[in-house]
Every structure is written in structure tokens, then in C-alpha cells.
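Biologist: Hi! Could you walk me through this one?
Modeller: Happy to, here it is.

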Amino acid sequence: MELYKENELKIYNSLTKTKEVFTPVNEGYVGMYVCGPTVYSNAHLGNIRTFMFFDVVFRYLLHLGYKVRYVRNITDAGHLENDADEGEDRIAKKARLEQIEPMEVVQRYTVDFHNVLSKYNFLPPSIEPTATGHIVEQIEMIKEIIEKGFAYEVNGSVYFDVVAYNKDNNYGILSGRNIEDAIHNTRTLDGQSDKKNPQDFALWKKADDRHIMRWPSPWSDGFPGWHLECSVMSTKYLGEKFDIHGGGMDLKFPHHECEIAQSKCCSGKDPVNYWMHTNMLLLNSQKMAKSTGNFILPNEILTGENKILSKAFSASVVRFFIMQANYRSILDFSSDALEASEKGYNKLMEAISSMEQIVSSGSSSVDISGWRAKCYDAMNDDFNTPILVAHLFDGVKMINQLKDKKETITKEDLTILKDTMNAFVYDVLGLLNDAKEESSAKIDGVVELLIKLRKDARENKDWALSDQIRDELAELGVQLKDGREGTTYTIN
Ligand SMILES: [Zn+2]
């Protein structure tokens, strides 16, 4: 039986501001959309926190036995410098400053993003669609919104009519903003903008002469508004109504509010059942900003090449640190906090490695199934990873007592203990055992050294020594194989 049938998962829904029992649209299947990066600069640590949390959500849903379609987009056009539809396209600006093609900018930072994510052991999403790959669909959606009477064209640009939409719908349903107040309190437009109302947002923008990223449309040569791509790509791949939509909480307004409005105009339905938002990340208790120097790149944590850090940290330690905070709380990133997490992480990994030394007996003095249930309860309670980590440390305590024979465990319970530890630590939290990897690198070094000594022995015609090295390694399960390119080996 799939695990999801015996686990009642609850999710804090940002839309209703309550924890709700998770019931997917189609039993056994989950559709999840997370707003991905705008690829005009290196991956940002705050974004990594968000994507890492949703990676754990993805992993836990898979662990529960759901078939998950996880869509995380790449924004490679349409995201202007500010959210009020003004300024240059972020990617085009970078391309202009560096005198390269916009698609070179996109390629460079998409590759960087993927490199960072793979170093931090992320699972790839099921689909990673791009805005530029869905221009046709975006134009179709704009046509539909115009037809339904919720958008208007002015001078080659198309704007969403927030006032018209708000008559029978609630623009502000997610962010809690009262749009009526906003409309009443705004001064009349100064004639600089084509919008009927300052709250209206662009679905299509006519490109001015210097704007190089442009596509033909019924209204002008131009480009889609930033909010549109997510409505198009989420509903294209997940349906008019899907299960989970995630992102950083800075995206609630206007981005996600606009997504709801656009999708609802077309299908008549609220597109998302569960909205999830991650809180922000601070660095040394302050907002991260390049301008103040209070800034660090995810890669610099792994190399230690940033004065903010006392040393380098492994990706798993960073992951473990991030998971020790609830995703809805502010996370304060610092070198000291990472060092504290490293100690905890090492303790956890030592305990997992020493599970092999536990000898089972006829009865259990520890409550393994109770402990296992607590681990699931923590994750079922809105993916409460810090509580899960606390239970994993109860597991560590148990392992150490069992190893010291202060407690006893049956063979069946020992299997449950090992399986549960491995499942939550590796499959769900996505941690890796650095020590294990480090020690296997050391073993590689030792075997290479012995191969070299054997080669020297053979060159000195010391056959006895060369055979002794080969045979004794074989006894340890290390098979040497001599070939034209030199000696290789396999470890059983
Ligand atoms: Zn989005």
C-alpha cells in the first residue's frame, strides 16, 4: 500500500491562512508548480532556500508514493527591472551592458543555476519550461482574456483590467490587499502611462526600438508581461486546476495575485488549491545586498571564498542548516550558525554509519514504531523539517544506546530503524554522507599508492613483492587489472 494512504498530510495554505488536509485533484497524483529563477545573474542564496524547500516537498511526496509532476520554470524574457511594468528587461539589460546576445546571458545563468542545484543535491523537476518557449501560448491566453472583457489594448500594448475583474472577483484574495482602497487612494495618472488604472498590469508590451527581445503579435512587435508565463505554463502542464503552487513570499504580490486573475479569467476557476510561500533569508541578521557587501553566493559557501565565512562548508551541511528552520520562518544565515549545524550533521552521520554495529536480540526495549510515527507526523504537519530533525536526533540517541548495549532491539525493529533513518535523511531531506564520500576518496588514494609501489617492485623485478601486493589486495576485495593503459582496480 502506498504510504500516502496511511498518512494525513496537512499543508498551510497561504490563500486561506490555515492548515488544511491535503487532498489532490486526482488521487495518487500531485501537480506542483514553483516559480523558477530569472536567469540574468548568479543563483541567489535566498532563492536557493526556496527551491531547496520545494525540493524536500517534492522528495516527501515521492516518498509517500505519489506520482508527482513538478514544474519549475525558467524566466528568460519579460521580467522588467521593476514590478510596475517599467524599466528595461533584466536579461536584455545585462546583454546590453556586456555586449553579448540575450540568449548568451540566459545560457550562462541557466547553466550556473543547474550547476549550483546539482552541487546541493537537488532532484531535477519533471518539466522546466521557459517563457521564450511559450510565446505562442501566451499570445493565445491574451486573446482569450481580451475576448472575455478583462483586458484592453492601448498603443500596441495590452493591459489587464483590474477594475473590470474585481467587479465579480477578488483581486487581492491571496495578498490580502484591498484593491478598492488602492484605486481610491491613487492620484490620477499623469498621462505618462497607457494604463486606465495604475493597478492594471501588462499582458503584452510593445517593444521600443532598442528592445531586442521581441516577437510579432496581433498588437505589436513586443514581449509578454512577466506574470503571464506562469499562468500559461502552469495550466498547460498541470491543468486548469492543480494542487500546489509555491514560491518565495515576495512573489505573493503582484506576481501570484496576477497569476490567479489571469488564469481565472480564462477557465472561470481558481487555478490553485494550495498556495505555499517560503519566508526570507537574512545574512548576519541583515538583508542580503551586494551594495553593502553583506552578500554571499551559494558556490562561495562550498569554497569558503567569502570573508563572511570562517571556513568552507559542505553542501549537505548547508542543506541540513536550512532544514533546521521552518520554511515559514525567517532564516538567519551566518558562519557561526553553519558551524553549529556542522557539528549536528556530523553527529547524525556518525550515528547512521554506526547502525551497522548494532546487534539485534530477542526483544526491543525501545519504541521504534512510535518513533517512526513521530517522524512522519512531523513531515505531515506542513513539512515541519525542524521537528523532523529533532526526532532524528532522538534516533541518534537510540542508536548510541543500542550500540553500547544499554537498550535492546529485535531484528525486525532494527530493520525499521535503519530504513526510517535512511529514508528521511537521504531520500526526504536529500542529505549526503560526506564522511563516507571523503573516506572512499581516501581509499582510492591508498589503492593508487599501492599500485604505484607494485609498479616500482615490478620494474625492480621484485616479483615476490608485486605478487604479495596484488594477492593481499584481492583478499581485501580489491581486484587489480593490468591493461595497456596501466593498472585499474575494482572494489567489491
Ligand atoms: Zn511565476
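Biologist: How many bridges join strand β6 to strand β7?
Modeller: Three bridges join β6 (residues 157-160) to β7 (residues 201-206), and the two run antiparallel. Strands here are DSSP E runs of at least two residues, and helices are H or I runs of at least four, numbered from the N terminus. Two strands count as paired if DSSP finds at least two bridges between them. Before we go on: this is a predicted model, where local features need pLDDT of at least 70 and side-chain atom pairs count only at pLDDT 80 or more, while totals for chains, interfaces and linings use all residues. Residues are numbered from 1 along each chain as its sequence is written.

Biologist: Nice. Which residue stands opposite Phe160?
Modeller: That's Phe201 in β7.

Biologist: And what is the strand order in the open sheet?
Modeller: Four strands, β5-β6-β7-β8, with antiparallel pairing. The edges are β5 (151-154) and β8 (222-224), each pairing on one side only.

Biologist: Switching to helices: at what angle do α12 and α13 cross?
Modeller: Roughly 165°, with the axes of α12 (residues 368-380) and α13 (residues 385-403) coming within 8 Å. Axes are lines fitted to C-alpha atoms, for helices over the stretch in contact, and angles between N-to-C directions run from 0 to 180 degrees. So α12 is roughly antiparallel to α13, a label for angles over 145 degrees.

Biologist: Which residues of α12 make the contact?
Modeller: Trp371, Lys374, Cys375, Ala378 and Met379, facing a set from α13 that includes Ile387, His391 and Met398. Contact means C-beta atoms, placed from the backbone, within 7 Å.

Note on methods. Parallel < 35°, antiparallel > 145°, perpendicular 65-115°, else oblique. Contact = placed C-beta atoms within 7 Å.
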